[in-house]
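Have the sequence and the 3D view open as you read.

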Amino acid sequence: MTRVSFILWALMLVTWCVMRYPAMRRARRQKTRVDRRSTLDVSLLAFCTFALVVMPIAWRLHLLDVVADRGQGLLPMILGTLTGIAFLWLFRRSHKDLGKNWSVTLEVREGHQLVTQGVYAHVRHPMYASFLLWGITQALLIPNWIAGFAGLVAVLALYAVRQSREEAMMRETFGAEYDAYCARTKRLVPGIF
């Protein structure tokens, strides 16, 4: 069952890459008006890549030398698959709704618009929510306490640092319009948080 779990995780990773590639190409063509990227920001993104991609592969290649392995049951594999499907759907939907306004770091594009439709009508940070779902998916599908939970830890660290900086940048850019948007939406979970 461990092998099947890893294959499911790998398929989700490949699907994520296929979804992300067009957005990355589009983003490179967009001119940036405000760039709040920092060394910390880039370091946290690198940490996420390491935790969400490198650690599970290192575990599967036995580079962790079976440290902290745990058994893999059918229920975590099913829950991981369902969570992974939700992650990929929300990730794709977030990109589609953002369109040209998306960037990998803290940037405001030329002609940037405040997106408040689609999934953004319900939560302010659906992309972060999708990454949190990815971290949960990995914790369920990778039966190793270190490699399995590394992604969730990295995403939580990224969110904790970037969320307030991103909201400050949006507030500075869109003012009262952004404040009104914040008043009617939650950060990650509709109606809750």
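The notes below go through the salt bridges and their surroundings.

This is a predicted model, in which local features need pLDDT of at least 70 and side-chain atom pairs count only at pLDDT 80 or more, while totals for chains, interfaces and linings use all residues. Residues are numbered from 1 along each chain as its sequence is written, and side-chain values use heavy atoms, with hydrogens and water left out. Side chains of opposite charge can pair when their charged atoms come close. A salt bridge here is a side-chain nitrogen of Lys or Arg within 4 Å of a carboxyl oxygen of Asp or Glu, and the count comes to nine.

**A linked group**
- D35, R37, E107 and R109 form a network of salt bridges.
- R37 pairs with E107 at 3.8 Å, N to O. Because R37 sits in the loop between β1 (32-35) and α2 (39-60) and E107 in strand β2 (residues 107-109), this pair ties together parts 70 residues apart in sequence.
- E107 also meets R109 in a salt bridge, at 3.3 Å from N to O.

**Helix to helix**
- D41 and R162 form a salt bridge, with their closest N and O atoms 3.1 Å apart. D41 lies in helix α2 and R162 in helix α5 (residues 145-174), so the pair ties together parts 121 residues apart in sequence.
- Helices (H or I, at least four residues) and strands (E, at least two) are DSSP runs, numbered from the N terminus.

**Buried or exposed**
- Buried means under 20% relative accessible area, exposed over 50%, and partly exposed in between (1.4 Å probe, protein chains only).
- R37 is partly exposed at 44%, whereas E107 is buried at 10%.
- R109 is buried at 4%, and both D41 and R162 are buried.
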